[in-house]
Amino acid sequence: MKKKKWLHWALAGTFVLSATGCGAPAAQPSGGNTKQGTDAKPAVSAAPSGGAASSDKKLTGDFEIQYFVGGYGDAWWKEMIAEFQKKYPDLKIKESAGAKINDQMKPRWIQGNPPDFVYIDGAGANARQMVKDDQLLDITDWLKDLKNADGEKLSDLLISKPEEYEPGKNHTVPLVFGSWGTFYDKALFTKNGWEEPKDFESFLAVSGKIKASGMMPYIHTGVYPYYIAGGLLDSVTVSANKDDASILKKVASLEPGIFKSEPVMKALDKIVQLRDKGFIDPGSVSLNHTDSQALWLQHKAAFIPNGLWLENEMKKDIPQGFDFGFIPSISQEKGGKYIAIPYTSTIAVAKKAKNPEAAKAFIQFLFTKQHAVRWAELTGALMNVKADLESSKASNVVKSAMKYYNSPNTVVAPEVVLPADVEKARNDAIVALTTSKITPAEWADRLEKAAEKARASK
């Protein structure tokens with residue numbers, strides 16, 4: 001599964017989520033977002049430069065890169081670092097990487113001896129906390145007119161914009177872009193004459209046909225409720241807000257009363273409709289990500305909310321003839337836009353980096369369309385760059401997803417991260433709602449109380 005840090009609410013994540021597979025939120029199981037080093041010697045200690053292309057400068061000294069290795073593997077990182085080394089032969093590059101790198105490097109971050117560059121993903125990684133702890137460099141001014149190694153303006157290439165953990169300030173740049181959505185088997189649908197749903201009305205209609213055939217329409221990962229939050233609840237909320245994703249920003253900022261607002265209550269009502277019609281597999285509540293995904297692959301259910309890492313994560317268990325279908329959202333009214341609830345994994349420069357110029361040049365080097373294509377080919381996921389993947393070796397699911405993100409008929413919501421305690425309250429409430437233990441009003445009460453407590457602790 002995916003990533004990550006505190007579970008995202010996509011705004012791209014409203015109620016998020018977060019990125020593993022996967023690349024999912026922090027409490028996530030596998031990474032891919034399922035998602036050791038020694039002290040680096042002092043190197044070039046240059047002050048942060050502005051938007052000028054630092055990639056044109058001669059870089060020397062030690063340069064340490066920290067990156068998490070999960071479901072996405074490390075092939076792309078190895079390839080990028082090798083190419084960067086050729087470009088700057090005078091740099092002494094050190095890689096601090098692995099599945100447990102976040103825990104291994106934590107003492108150094110606390111002691112003020114961090115690496116220069118960090119890919120923030122996997123268990124134990126939390127960009128918001130790192131900003132709060134003043135560990136990351138403020139790159140707001142540098143990013144404004146930044147161009148990549150090919151001379152293209154970075155802000156024009158990004159699918160998901162940098163998140164502001166502090167108002168008006170940027171400390172990170174999203175490197176991995178994924179989207180929650182609903183998956184189904186195209187081959188199964190063709191065989192049974194079922195049509196891909198285009199909106200909530202058609203989703204209910206085809207779900208009725210699926211249930212009548214003896215198959216459960218919808219299964220989800222109940223052990224990790226952020227799957228159904230990102231894959232359903234968040235997008236329904238944006239659709240209920242007339243396709244205006246700003247509602248998720250209000251959720252993320254814990255605006256008083258937001259969890260009892262009309263769009264949120266309408267979203268909860270749609271989940272209740274699915275529940276009361278018997279479309280949600282009641283056994284979902286006890287399933288983890290791989291169990292629910294395995295049952296879905298075995299056609300125990302027709303739809304599953306998940307992230308774009310799904311195909312890559314389950315590649316060893318995919319039945320012959322299975323044809324992955326992907327829909328960003330099934331929440332929109334007839335004629336409404338698709339809603340993409342994203343999750344991302346970010347990169348940053350350490351505030352106490354010994355070679356900040358090399359770290360920034362590395363960022364410019366990474367964010368090119370060519371490298372985005374390689375990411376898609378090597379990981380089965382998307383890099384946060386608008387690139388043409390049609391002629392690439394990327395999977396059909398990834399190519400299909402990119403078409404949605406480049407379409408004017410798709411709203412790509414912003415991604416935000418909720419405080420951990422609020423996220424937990426939301427997850428617990430979602431499970432309770434889908435199992436008929438609470439009403440939408442009680443769900444909203446729980447979240448308002450959690451939000452009030454979080455605001456008071458600031």
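Me: Is the crossing of α8 and α10 left-handed or right-handed?
Reply: In this predicted model, the crossing of α8 and α10 is right-handed. By the convention used, the near helix is turned clockwise from the far one in a crossing of that hand.

Me: Which residues of α8 and α10 meet?
Reply: From α8, the residues are L232, L233, V236, T237 and A240. They meet P263, V264, K266, A267, L268, K270, I271 and L274 of α10.

Me: What makes α10 and α17 oblique to each other?
Reply: Helix α10 (residues 262-276) packs on helix α17 (residues 440-456) at about 130°, with 10 Å between the axes. An angle counts as roughly antiparallel over 145 degrees, and as roughly perpendicular from 65 to 115. The pair α10 and α17 is therefore described as oblique. Helix α10 passes α17 in a right-handed crossing, where V264, M265, L268 and V272 in α10 meet P440, A441, W443 and A444 in α17.

Me: Why is α16 called roughly antiparallel to α17?
Reply: The axes of helix α16 (residues 420-434) and α17 come within 9 Å and cross at roughly 170°. With the cut-off for this term at over 145 degrees, that angle makes α16 roughly antiparallel to α17. In α16, the residues that meet α17 include V422, A425, A429 and L433. Their partners in α17 include P440, W443, L447 and A451.

Me: How do you know that the buried residues of α2 line one face of the helix?
Reply: In helix α2 (residues 101-111), I101, N102, M105, R108 and W109 are buried. Viewed down the helix axis, these residues fall within an arc of 120°, so they line one face of α2. On the other side of α2, D103, I110 and Q111 are exposed. The buried residues pack against β2 (61-68), β3 (91-98), β4 (117-120) and α3 (127-132). After α2 comes G112, whose phi is positive, near 80°.

Me: Why does K242 count as exposed?
Reply: K242 has a relative accessibility of 78%, and exposed means over 50%; K242 therefore counts as exposed. K242 is found in the loop between α8 (226-240) and α9 (246-252). Its phi is near 60°, a positive value in a residue other than glycine. Most residues other than glycine have a negative phi.

Me: What makes L254 count as buried?
Reply: The relative accessibility of L254 is 1%, and buried means under 20%. L254 therefore counts as buried. L254 lies in the loop between α9 and α10, and has a positive phi of about 55° although it is not a glycine.

Me: What makes helix α15 mostly covered?
Reply: Seven of the ten residues of α15 (residues 396-405) are buried: V397, V398, K399, A401, M402, Y404 and Y405.

Me: Which residues touch the most other members of the largest nonpolar core?
Reply: Of the 145 residues in that core, they are W77, F117, F362, F367, Y405 and W443. Leaving aside neighbours within four places in sequence, Y405 has contacts that include I159, F177, L308, F326 and L382. In soluble globular proteins, nonpolar side chains tend to be buried together.

Terms used
Residues numbered from 1 in each chain as written. Predicted model: local features only at pLDDT ≥ 70, side-chain atom pairs only at ≥ 80, totals over all residues. Heavy atoms only, no water. Core = buried A, V, L, I, M, F, W, Y, C linked by side-chain atoms within 4.5 Å. Buried < 20%, exposed > 50% of the residue type's maximum accessible area, 1.4 Å probe, protein only. Contact = heavy atoms within 4.5 Å. Helix = DSSP H or I, 4+ residues; strand = E, 2+ residues; numbered from the N terminus. Arc of directions from axis to C-beta. Axes fitted to C-alpha atoms, helices over the stretch in contact; angles between N-to-C directions. Parallel < 35°, antiparallel > 145°, perpendicular 65-115°, else oblique.
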